[in-house]
Amino acid sequence: MRVLLNSGEIFNEALWKKLGSPKIDKKNPSAIMNLSLKDLPNENWVALPGFEDKYAISNIGRIKRLSGWIIGTQFFGEEQIMPLNLNKHNVAPHLYFRLHQKVSRNQMILIRFLYYCFVENFDLKDRTLLVVNQNESLWDINLSKLSLCNVTDVRYKKTNENLNGSTVKLIDM
């Protein structure tokens, strides 16, 4: 059996580079780039829907793999903050995370789970419902700037390719 332990890294450098290397303090990074197991100020955790015994999500956008579970020959002996990734190939770039491939092979869209867990429950399987992120940047998430819309009521206009600020503005809701 292979025991998987926390890497000890505290900074998600790959995400930082994909976001265009914004000016941040790498020793005290923003929540979505912070891989430290220490809880951040005002951080609250709840079980990730559908994966309650394996993962948790925080109100500031971090995903934690919980300890003490087994898949095949792998034993997850320590908790670990999961690194977030950036999908910028869609009209609306978004942050996502992946769970262990034997748990789910899908990209899990961060703001969809944040809205569900900390703003309002909705049918997570309903792909006609879209969570819109109106925050100034992808890495500074304010839950009050997330909204749930029907995909038919939303149109996007690409404003620029600079991921340091808003890349997509919501129009016509």
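Is Glu-79 buried, exposed or partly exposed? In this predicted model, Glu-79 has a relative accessible area of 29% and is therefore partly exposed.

## Charged pairs in the model

Side chains of opposite charge can pair when their charged atoms come close. In this structure the count comes to four salt bridges, and the sections below describe a selection of them, together with the surroundings of one of the residues taking part.

## Lys-64 and Glu-79

The side chain of Glu-79 meets that of Lys-64 in a salt bridge, with a distance of 3.6 Å from N to O. Lys-64 lies in strand β4, while Glu-79 is found in the loop between β6 (74-76) and β7 (80-82), so this pair ties together parts that are 15 residues apart in sequence.

## Lys-17 and Glu-13

Another salt bridge joins the side chains of Lys-17 and Glu-13, where the distance from N to O is 3.8 Å. Both residues belong to helix α1 (residues 13-18), and because they are four residues apart there, about one helical turn separates them. Lys-17 is exposed, with a relative accessible area of 52%, while Glu-13, at 35% relative accessibility, counts as partly exposed.

## Arg-62 and Glu-43

A further salt bridge is formed by the side chains of Arg-62 and Glu-43, at 2.8 Å from N to O. Arg-62 lies in the loop between β3 (55-58) and β4 (63-65), and Glu-43 in the loop between α1 and β2 (45-47), so the pair ties together parts that are 19 residues apart in sequence. Arg-62 is buried, its relative accessible area being 2%, and Glu-43 is likewise buried, with a value of 8%.

## The surroundings of Glu-43

Besides its salt bridge with Arg-62, Glu-43 uses its side chain for a polar contact with the side chain of Ser-58, at 2.9 Å. When residues up to four places away in sequence are not counted, Glu-43 touches Lys-38, Ser-58, Asn-59, Ile-60 and Arg-62.

Key: Residues numbered from 1 in each chain as written. Predicted model: local features only at pLDDT ≥ 70, side-chain atom pairs only at ≥ 80, totals over all residues. Heavy atoms only, no water. Helix = DSSP H or I, 4+ residues; strand = E, 2+ residues; numbered from the N terminus. Buried < 20%, exposed > 50% of the residue type's maximum accessible area, 1.4 Å probe, protein only. Polar contact = N/O pair within 3.5 Å; in protein donor to acceptor, adjacent residues only side chain to side chain. Contact = heavy atoms within 4.5 Å.
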